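I wanted to look up how the side chains pack in this model. These are my entries, in the order I made them.

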Amino acid sequence: MKGMWAEYLPECGRCGANKIGKTWFQKADKAVDVVVFVPETSILKSYAEKIPTFLSSMAESLGESKFSFRFGVVGFGGRLTHKGPHAITLDGQLMNDIDSVEDAFEHLKFSNGDSDNDSSNALEAMAYAAYNYPFRPAATKIFLLLTSTDRHPMADFASLESIGSMLESKDIILNVIGKYRKFRGEVIGQNFRGNVYYRKRPEVGLGTATLPEGEYVSLMKSTQGSVFGLPFLGSDDKDKFGALQQASVSAWKEQIKRDQYACKECFCARGDAGQGKTICKKNSFHTKC
């Protein structure tokens, strides 16, 4: 099997077609898989251009030698064929290393401004990635959503509760960089506990405060992620952009440590083509691998 799925085969490890139904326990083993979600609306173009630099800094600060990072990019909310969720490949792969991220972002097609859709459904994009991306067995899975608006509920799509359950069932941690009024000036963002990250103290969340309202923040909270202010990502002020990076490193470091400490139960399931497909989930009753 060649092309974008070629990398998937060795990752199945002991989950070959002849081992479907087998279970075992394992830790993440330094694997961290990150998928970035970018609405292809004109208002977000300048912010999205900063994401490759942001991710590169995150990987370097978290320790590229300590962890094995892979990245994926999903676009949605644009015009015509770019309205629904779609994969942006990285050198022909759904997921690849940090060096291929910048080129991938050049393939995003942002709308010209007259057709921006403020009801773009990031939940649909998350479900698309959760079911279609070749995450490594037991890897820490992080979703990063870039957004300028919250989602308007859609009657013809799955509920917030069902998507939340789906993310939790796959051990996916959601982080959001969005436009929230409270994240400005000295307040950069918050983690799921409500701890506040300040521009002058970005290394640690201090105190607690009420989180912003909205569906994306609700999902962030249920998956134990974090939420930060969009203006800091787009700022040309190196201190503001740097503070966002430092605070995000602090939040992600805690998330990765929490997830990788856990022992996960892995199951060899049958894929769509009959191949072995590894699915791993935290097992609170099994603490040692």
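**Charges over rings**

I started with Lys50, which lies over the face of Phe241, at 5.5 Å from the ring centre. I counted a charge as sitting over a ring if NZ of Lys or CZ of Arg is within 6 Å of the ring centre and within 35 degrees of the ring normal. Lys27 lies over the face of Tyr261, at 5.4 Å from the ring centre.

**Basis**

The model is predicted: local features need pLDDT of at least 70, side-chain atom pairs count only at pLDDT 80 or more, and totals for chains, interfaces and linings use all residues. Residues are numbered from 1 along each chain as its sequence is written, and side-chain values use heavy atoms, with hydrogens and water left out.

**Aromatic pairs**

I searched the whole structure and found seven aromatic pairs. Rings of Phe, Tyr and Trp (its six-membered ring) pair if their centres lie within 6.5 Å; planes under 30 degrees apart count as stacked, over 60 as edge-to-face and the rest as tilted. Phe67 and Phe69 form an edge-to-face pair, because their centres are 6.1 Å apart and their planes at 70°. Both Phe67 and Phe69 are buried (under 20% relative accessible area; exposed is over 50%, partly exposed in between; 1.4 Å probe, protein chains only). Phe135 and Phe143 have ring centres 6.3 Å apart and planes at 35°, so I logged the pair as tilted. Phe135 has 12% relative accessibility and therefore counts as buried; Phe143, at 0%, therefore counts as buried too. Ring pairs link Phe37, Phe135 and Phe143 into a cluster.

**Nonpolar cores**

Which residues touch the most other members of the largest nonpolar core? In this core of 42 residues they are Phe54, Leu55, Phe71, Phe105, Leu146, Leu233 and Trp252. A nonpolar core is a set of buried Ala, Val, Leu, Ile, Met, Phe, Trp, Tyr and Cys residues joined through side-chain atoms within 4.5 Å. Elements giving two or more residues to this core include strand 2 (31-39), helix 3 (51-62) and helix 9 (238-261). Helix 9 gives the most, with eight residues. Helices (H or I, at least four residues) and strands (E, at least two) are DSSP runs, numbered from the N terminus. I also noted a second, separate core of 35 residues, which includes Phe143, Met166, Val176 and Tyr216.

**Helix 5**

In helix 5 (residues 122-132), the buried residues include Ala122, Leu123 and Met126. Among the elements covering the buried residues of helix 5 are strand 2, helix 6 (160-169) and helix 7 (215-222).

Technical notes: Contact = heavy atoms within 4.5 Å.
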